[in-house]
Amino acid sequence: MSHIGYYLLALLVCGLFHEAGHAIASFSEGVPIQSSGMFVLYLYPGAFVNIPDQQLQTLAPFRQLKIICAGVWHNLTLYLFTAVSLAGGLKLLLLLLGWQSLEGQGGVSVVHIRTNSPLAAHLPPSTVIYQLDDMPLTNNIEDWNSFLFKEDDRHTLDLGFCVSKPLEDYGNACCDVTDETPFGQSTNTSISCFQSIEKTMEKQCLPTLSVLATKNIPRCYRASDCNGSDSTCVIPFAPSIAGQVVRIHAQFPSWITSEEVDNKKVFVFEGELVDIWESVKVSILRPRFWVLPTSLPHVLELILSLGSIKHIACF
């Protein structure tokens, strides 16, 4: 349903272009147009051109055919235009107008985030997400989709975090994880359940951000990789599909942060992997300047794609 507005707009443009073909052909053959206009039938937008039958029938068959088939010819022309645009023409035009491609650099640019998403307050438009957990988005959207569409909807880490024994005992209620309680039974929302990477020790509750969002925290493959007898190597314990834990590495655009402030941050998302994909719309194009609308490439590509589908259906 979020695409319905774009689809109706594509239908309107296709309808106007189709009827313009009939009108131009009729004018070129010397047949006057009685009337023309647009209409909306419930939600369906359309257009019409009224060509008088009597004058149309006085023309030679081939000239009549030119007027009758002009709309389909215009549909074919518009379809070829959308095909060329989607094949690279639109991207080239946007690059000339001031957008930047992330191909070869890695990452995806945030176009829009659903307002009810917990990430909406943290990832402004034009932010580049360059890594999910330990997976750099080298191949841009391909890697983005590959990470978020796991076969079993679960994600596990191969590399853990070195943590020391916490000064505060947070109990083990957050580790009481089921499908009904994917984040455990604890009322403290700032903690999460962790287990040793070798899965040899009892699960423990630790501060989520202190472990997962701290920069330069020592990483490990086993407990012996951590210095100190009170340190251990842990990974998030997230057996439920609805309670997956993902670290999102993001770089803010230059016009949001100053040169003195580090524009890279790490955010922790807890929930279903598909929720990230559904709520965060991304692109491989990002604007170079703040005045350029971030969503324009995505909107144009969506309208062209829906228009192309409409033309195929007509053919």
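**Close-up views of disulfides and ring contacts**

**View 1. Aromatic pairs in the predicted model.** Two aromatic pairs are counted here, taking rings of Phe, Tyr and Trp (its six-membered ring) as paired if their centres lie within 6.5 Å, with planes under 30 degrees apart counted as stacked, over 60 as edge-to-face and the rest as tilted. This is a predicted model, in which local features need pLDDT of at least 70 and side-chain atom pairs count only at pLDDT 80 or more, while totals for chains, interfaces and linings use all residues. Residues are numbered from 1 along each chain as its sequence is written, and side-chain values use heavy atoms, leaving out hydrogens and water.

**View 2. Lysine charges over aromatic rings.** Look for lysine 203, whose charged end sits over the ring of phenylalanine 237, 4.7 Å from the ring centre. Lysine 264 places its charged end over the ring of tyrosine 130, with 5.2 Å to the centre. A charge sits over a ring when NZ of Lys or CZ of Arg is within 6 Å of the ring centre and within 35 degrees of the ring normal.

**View 3. The disulfide of cysteine 162 and cysteine 226.** The structure has four disulfides, each a pair of cysteine sulfur atoms within 2.5 Å. One of them joins cysteine 162 to cysteine 226, S to S 2.0 Å. The torsion about this S-S bond is about -85 degrees, so the disulfide is left-handed. Cysteine 162 belongs to strand E7 (residues 160-164) and cysteine 226 to the loop between strand E10 (219-220) and strand E11 (231-236), so the link ties together parts that are 64 residues apart in sequence. Strands (E, at least two residues) are DSSP runs, numbered from the N terminus. Both cysteine 162 and cysteine 226 are buried, that is, under 20% relative accessible area with a 1.4 Å probe and protein chains only; exposed is over 50%, and partly exposed lies in between.

**View 4. The disulfide of cysteine 175 and cysteine 193.** Here the S to S distance is 2.1 Å, and with 100 degrees about the S-S bond the link is right-handed. Cysteine 175 sits in the loop between E7 and strand E8 (191-196), and cysteine 193 in strand E8, 18 residues apart. Cysteine 175 and cysteine 193 are both buried.

**View 5. The disulfide of cysteine 220 and cysteine 233.** Cysteine 220 is joined to cysteine 233, S to S 2.0 Å. About 100 degrees of torsion about the S-S bond makes this disulfide right-handed. Cysteine 220 and cysteine 233 are buried.

Methods:
Helices (H or I, at least four residues) and strands (E, at least two) are DSSP runs, numbered from the N terminus.
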